[in-house]
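Me: I'm new to this one and would like to learn how to read it. Could you walk me through a few features?

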Amino acid sequence: MKNEERIIYLQMIEEVIKRMADNSLKMKEWFITISCGVIAAFLASSKPEMLFIISGASIVFRVMDSFYLANERRFRSLYDENCNLNITMDNYSMDVKAYNKNKRNRVLTCLFSWSTVLLYGLFLIASVIAAVILLINNFNVM
């Protein structure tokens, strides 16, 4: 592969990495938007059960975000491998299946990444604790 071709190929991989990172960011943005909407609806209705919606959204968005993070890591591995000038490439392969073997690139590992645990984990724990406390207080008042 010529130098110009290698640069174009690496730029293609960079674009995929950028898309995956953007999608991961969009998952976080949508999650925060939905969570704020649920909190606003809870404050208007005072129904603690609504806070469990945040818990469900936290789980769903965390899985989707982890999927994008795992794919981003796979493409980063492809990029890193192809930056090595000793490797000869016959085609512009974008196949990242070989990088699934790396434990760091798996969705399950990404579920416990600091970027997913901090945001989704904190919202999950806080919403469940708040809902349980409010439900217990409502039952004790009656």
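Reply: Happy to, and keep in mind that this is a predicted model. Let's begin with cysteines: a search of the whole structure turns up zero disulfides.

Me: How do I read the cover around a cysteine, then? Is C36 buried, exposed or partly exposed?

Reply: The idea is to look at relative accessible area: under 20% is buried, over 50% is exposed, and anything in between is partly exposed. C36 has 46%, so it is partly exposed.

Me: And is C110 buried or exposed?

Reply: C110 counts as buried, because its relative accessibility is 0%.

Me: Now the surface. Which residues make the nonpolar surface patch?

Reply: For a patch like this, you look for nonpolar side chains with over 30% relative accessible area that lie within 5 Å of each other. Here F52, V128, V132 and I136 make a patch of about 290 Å².

Me: Which helix gives the largest share of that patch?

Reply: That's helix α4, residues 114-141, which supplies three residues. I136 sits in this helix.

Me: What does S77 touch, leaving out residues up to four places away in sequence?

Reply: A contact means heavy atoms within 4.5 Å. With those sequence neighbours left out, S77 touches Y99, N102 and N105.

Notes. Residues numbered from 1 in each chain as written. Predicted model: local features only at pLDDT ≥ 70, side-chain atom pairs only at ≥ 80, totals over all residues. Heavy atoms only, no water. Disulfide = S-S within 2.5 Å. Buried < 20%, exposed > 50% of the residue type's maximum accessible area, 1.4 Å probe, protein only. Patch = residues over 30% accessible without salt bridge, like charges linked within 9 Å, V, L, I, M, F, W, Y side chains within 5 Å. Areas by Shrake-Rupley, 256 points an atom, 1.4 Å probe, with all protein chains shown as cover. Salt bridge = Lys/Arg side-chain N within 4 Å of Asp/Glu carboxyl O. Helix = DSSP H or I, 4+ residues; strand = E, 2+ residues; numbered from the N terminus.
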